[in-house]
Amino acid sequence: MLIRFYSIFLFFSLLLSYKASGQEAQPVTYPRLAGFAGLAHPVITFSKEGTSVNFKDFYTVAIPSGIHIWKSPKIGFSLEVTPMIRVENNISKMNNVMIHPGVLVALGNGFNFAGRVAFETSGRYGVTPILSKVLIRNKGSNFYGALPLALRFGNDQPSSLTLAVMFGVAF
């Protein structure tokens, strides 16, 4: 199981380090609005109750969408809303919605950092640092990959740390 985790982590690390290709970006004025939508797959969660792996006994997918407000080429604000769907024992249901505001920092070479706080309808809260990379740059949109690391507390549950992978489009 640990080998599978490291294999997945290595695959996505290599994918995120790949240089984005496509057309050169046009000059942009600031502040600038951008939207995004994607799919996030939690891979592994650690807590004092043990380790759980997505895709094994259950499947959870998150569907983040939101707006970026870039104040300058280097810094911005983002607001994301993320419903989550869980499938277990052949039953699917939306089990959580997360409000996910945060600060954006452009790191260069297509890399961005998002420092988000999380407020979940499940009663949990926490922080989520996210490293993302533009994988394909187009004239009107960018396809990206990201590695969120969710730290959660509250709702009478032990603290947890979840590594996820995310892919989406920004426009």
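I worked from a predicted model, in which local features need pLDDT of at least 70 and side-chain atom pairs count only at pLDDT 80 or more, while totals for chains, interfaces and linings use all residues. Residues are numbered from 1 along each chain as its sequence is written, and side-chain values use heavy atoms, with hydrogens and water left out.

Entry on strand E6. I took strands as DSSP runs of E with at least two residues, numbered from the N terminus, and counted two strands as paired if DSSP finds at least two bridges between them. I found E6 (residues 75-88) joined to E4 (residues 59-62) by 4 bridges, antiparallel, with Thr60 opposite Arg86. E5 (residues 65-70) is also antiparallel to E6, through 6 bridges; Trp70 has Gly76 as its bridge partner, and 4 residues lie between the two strands of this hairpin.

I then followed E6 to E7 (residues 91-108), where 14 bridges join the antiparallel pair and Leu79 stands opposite Pro101. Their hairpin leaves 2 residues between the strands, and Asn89 in the turn has a positive phi of about 55°.

Entry on the cores. A nonpolar core here is a set of buried Ala, Val, Leu, Ile, Met, Phe, Trp, Tyr and Cys residues joined through side-chain atoms within 4.5 Å, buried being under 20% relative accessible area with a 1.4 Å probe, protein chains only. The largest has 15 residues, of which Tyr144, Ala146 and Met166 touch the most other members. E7 gives the most to this core, with 3 residues. A second, separate core of 6 residues includes Val43, Val53, Leu163 and Val165.

Technical notes
Buried < 20%, exposed > 50% of the residue type's maximum accessible area, 1.4 Å probe, protein only.
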